[in-house]
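Open the model in a viewer and keep the selection panel at hand. The stops below go from ligand to ligand and then to the backbone.

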Amino acid sequence: MDTHSTVSRTQNAQPSPSKNTTVWSVEAVEALFALPFNDLIWRAQSVHRAHFDPNGVQLSTLLSVKTGGCPEDCGYCPQSIRHPTAVANQAILSTEEVLVAARAAKDSGASRFCMGAAWRSPKERDLDAVIHMIEGVRALGLETCATLGMLKPAQAERLKQAGLDYYNHNLDTSREFYGDVIHTRDYQDRLDTLQAVRHAGMHVCCGGIVGMGETRQVRAGLLTELANLDPAPESVPINLLVQVEGTPLHGTEPLDPFEFVRTIACARITMPASRVRLSAGRESLSDEMQALCFLAGANSIFYGERLLTTGNPDVERDRRLFERLGLHAE
Ligand code: SAM
Ligand code: DTB
Ligand code: SF4
């Protein structure tokens, strides 16, 4: 098959995510996935080098500022009240507690601090509290990111006014597979929130999860949706499912790690100017697999011992890995 002709449109891709003139089809992204591994990595690395310092990796640290008890039923998530997991609910943290964690993240070398809350959508009172946190974190000189669930346009405006740099809200999977995983809100709800965030003038952080038992076509469908957002998200977290006991997706057949690398490469090629973040699931990847992900165009990680409720490689392991690979933090 002449895959080259089907995928060659990337050569016209815009270097900046500010205006997206490239429209991807699922078939074209599937054709990328189907390339011989070496050809795919070569293409991804070429695109990467044309847009980024190939050895720079941006570091974001996560903190769960309100944990568990979420009314949504996302099949992967240990924080849903509907799944019998070991996660203990925790009320919203104080601003001082958040700032202690943010100072530590900054001292460890993170450039962005991301605050996550297990809400379907924030209430106005919740937003008041988060806005104090954002102001404090900004004052430390860190970039700010928050992921608080669905937002109304006026809430997005309030967060923008408070100085929030990025809002994370994932599409998570393709339109077709979405209903197999989440039943309490639909795809359009997610797109509406993303539009509110974009309209308010914040940077969009939007990605998804693989390893949920989906097909390659589903993975291509997710990347197609992300790449066709206009503009494409500035930041694209690619999560590898962390299987948590008690969640419906616990026990899913694990994804072939090379397929994960392919997903990163396809994200890089379809979203040339976006930061592609190796996100949840990094703990389960060997150093060698992570090196392949960086070669495939990943240029951001979650950094620090914890994600929201699950583990992440410790800082020492990441420092050693960066040293061995000659990578530097951005
Ligand atoms: N409640 C908010 C929401 O859903 O938008 C914010 C937090 S939610 C935990 C953020 C993202 O984390 C989800 O969209 C999903 O992509 C990812 N995530 C949650 N649990 C995960 C798991 N077990 N493995 C991998 N990614 C996960
Ligand atoms: C994202 O895409 N991944 C992060 C962040 N955005 C908020 C969350 C990963 C959560 C993994 C499961 C947990 O630790 O609870
Ligand atoms: Fe709630 Fe977010 Fe978890 Fe879904 S992913 S159950 S919305 S915390």
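A residue is near a molecule if one of its heavy atoms lies within 4 Å of it. Keep in mind that this is a predicted model.

**Stop 1: ligand 3**

Select ligand 3 and show its surroundings. The residues around ligand 3 are Cys70, Glu72, Cys74, Tyr76, Cys77, Ser80, Ala118 and Arg185. Sorted by class, this shell holds five nonpolar residues, one polar residue and two charged residues. As for the space that ligand 3 takes, it is the largest cavity.

**Stop 2: ligand 1**

Next, select ligand 1. Which residues come nearest to ligand 1? They are Tyr76, Thr147, Asn170, Asp172 and Val242, out of 17 residues around this ligand. Tyr76 was also listed in the surroundings of ligand 3.

Now display the polar atoms. An N or O atom in the side chain of asparagine 170 is 2.9 Å from an oxygen atom of ligand 1. The backbone takes part as well: a polar backbone atom of valine 242 is 3.0 Å from a nitrogen atom of ligand 1, and a polar backbone atom of tryptophan 119 is 3.5 Å from a nitrogen atom of ligand 1. On its own, ligand 1 has 560 Å² of accessible area, and the protein covers 91% of it.

The shell around ligand 1 comprises ten nonpolar, five polar and two charged residues. Ligand 1 sits in the largest cavity, which is also the description given above for the space taken by ligand 3.

**Stop 3: ligand 2**

The side chain of asparagine 170 has an N or O atom 2.8 Å from an oxygen atom of ligand 2. Asparagine 239 has a polar side-chain atom 2.8 Å from an oxygen atom of ligand 2. For asparagine 168, an N or O atom of the side chain is 3.2 Å from a nitrogen atom of ligand 2. Ligand 2 taken alone exposes 410 Å², of which the protein buries 88%.

How many residues surround ligand 2? There are 13, and the closest are Asn170, Asn239, Leu308, Thr309 and Thr310. By class, seven residues of this shell are nonpolar, six are polar and none is charged. The space taken by ligand 2 is the largest cavity.

**Stop 4: aspartate 172**

Aspartate 172 is not a glycine, yet its phi is positive, at about 70°. To place aspartate 172, find the loop between strand 4 (166-168) and helix 7 (175-181).

**Stop 5: a cis peptide bond**

Select aspartate 230 and proline 231. The peptide bond from aspartate 230 to proline 231 is cis, and its omega is near 0°. Proline 231 is in the loop between helix 9 (216-228) and strand 7 (235-240).

**Stop 6: an aromatic pair**

Finally, show the aromatic rings. The count comes to three aromatic pairs. One of them to select is phenylalanine 37 with phenylalanine 258, an edge-to-face pair at 5.5 Å centre to centre and 75° between the planes. Phenylalanine 37 is in helix 3 (residues 37-51) and phenylalanine 258 in helix 10 (residues 257-270); at 221 residues apart, the pair links distant parts of the chain.

How values were computed
Residues numbered from 1 in each chain as written. Chains lettered and ligands numbered in written order. Predicted model: local features only at pLDDT ≥ 70, side-chain atom pairs only at ≥ 80, totals over all residues. Heavy atoms only, no water. Polar contact = N/O pair within 3.5 Å; in protein donor to acceptor, adjacent residues only side chain to side chain. Areas by Shrake-Rupley, 256 points an atom, 1.4 Å probe, with all protein chains shown as cover. 1 Å grid on protein atoms, 1.4 Å probe; cavity = no way out; pocket = protein on both sides within 12 Å on 5 of 7 lines; lining within 4 Å. Sits in = over half its atoms within 2 Å of the grid points. Nonpolar A, V, L, I, M, F, W, Y, C, P; charged D, E, K, R; others polar. Phe/Tyr/Trp six-rings, centres within 6.5 Å; stacked < 30°, edge-to-face > 60°. Helix = DSSP H or I, 4+ residues; strand = E, 2+ residues; numbered from the N terminus.
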